[in-house]
Amino acid sequence: DENIIRLRANLMALDYYAEDEDRFRELVMMYDDDYTRMDVEIRSDILAAKVYLEPEFASECVKKYQEINDPDVKFDYLAAACLVRDEKELEKLLGLLGENEIVKPQDQLYLFIWLYRNPKSRIQVFDWLVNNWDLVKKIGGDKSLVSYPTVLAHLARTEEEYTKYRELFEPMLDNPSLKRAVEIGLNEIKARVALVAKYRDEVMEAL
């Protein structure tokens with residue numbers, strides 16, 4: 001039922017976080033070049049496992065993203081590519097930020113989010129945003145700009161990220177379309193950083 005499906009997705013996400021290679025090998029055995037033959041409920045997990053065990057498959061995922069028309073399947077391949085840990089493959093993906101000929105403008109935000117969630121590319125992605133804000137405005141227009149401070153606020157969790165967020169977005173508080181999102185984002189990150197600091201020692205001791 002729906003609860004089991006959701007539970008399975010959460011457990012597989014934890015498996016990936018824990019780098020459970022036995023689980024990855026099981027999933028990779030279910031991979032098929034024809035995506036229609038993979039179970040739609042775990043297709044993203046199969047692709048993620050294959051990227052983990054075979055980093056060069058990330059480039060193949062980008063090709064599949066370009067070739068396939070189904071938006072859900074396209075997203076599965078692009079999201080899986082962004083999970084790669086290999087530095088060379090990550091460099092290729094970072095090069096796609098702002099590259100409209102390969103990643104469609106409407107998908108650029110998702111590429112940014114998925115790469116920011118990857119701990120191996122997190123710093124470079126934020127730096128890219130700082131250095132390319134004008135390009136981001138050009139690609140997405142004012143309407144989509146609010147998504148960036150909102151998403152970053154949901155994901156940021158360190159004092160360093162809070163400082164970077166402030167440096168980038170506080171000068172934009174005079175922009176009516178961004179003001180509310182930035183103010184909420186600043187408060188959200190500040191509260192999360194304080195929460196982590198308050199309970200860090202207790203959690204580490206328990207672990």
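How far is the sulfur of Cys61 from the closest cysteine sulfur? The distance is 9.4 Å, to the sulfur of Cys82, which is too far for a bond.

## Basis of the report

The model is predicted: local features need pLDDT of at least 70, side-chain atom pairs count only at pLDDT 80 or more, and totals for chains, interfaces and linings use all residues. Residues are numbered from 1 along each chain as its sequence is written, and side-chain values use heavy atoms, with hydrogens and water left out.

## Cysteines

Zero disulfides (pairs of cysteine sulfur atoms within 2.5 Å) are found in a search of the whole structure. Cys82 is in no disulfide, its nearest cysteine sulfur being that of Cys61.

Cys61 has a relative accessible area of 0% and is buried; buried means under 20% relative accessible area, exposed over 50% and partly exposed in between, with a 1.4 Å probe and protein chains only. Cys82 also counts as buried, at 1% relative accessibility.

## Largest pocket

The largest pocket holds about 1,000 Å³ of space. A pocket is an open set of points on a 1 Å grid over the protein atoms alone, where a 1.4 Å probe fits, with protein on both sides within 12 Å along at least five of seven lines; lining residues have an atom within 4 Å of a point. The volume is the space filled by probe spheres set on the points, which are joined across faces, edges and corners.

Of the 28 lining residues, Ala13, Tyr16, Tyr17, Leu83 and Arg117 are the closest to the centre of this pocket. Helices α1 (2-17), α2 (21-28), α3 (43-53), α5 (71-81), α7 (108-117) and α10 (147-155) each supply at least two residues of the lining; helices are DSSP runs (H or I, at least four residues) numbered from the N terminus. The largest share, six residues, comes from α1. By class, the lining has 17 nonpolar, three polar and eight charged residues, where Ala, Val, Leu, Ile, Met, Phe, Trp, Tyr, Cys and Pro count as nonpolar, Asp, Glu, Lys and Arg as charged, and the others, Gly among them, as polar.

## Second largest pocket

The second largest pocket has a volume of about 230 Å³. Its lining includes Ile5, Ala9, Arg43 and Asp72, and α1, α3 and α5 each supply at least two of its residues. Four nonpolar, one polar and five charged residues make up this lining.

## Helix α11

In α11 (residues 159-169), Glu161, Tyr162, Lys164, Tyr165, Leu168 and Phe169 are buried. They lie on the same side of α11 because they cover an arc of only 165 degrees around the axis, taken from the directions from the helix axis to the C-beta atoms. Glu160 and Glu167, on the other side of α11, are exposed.
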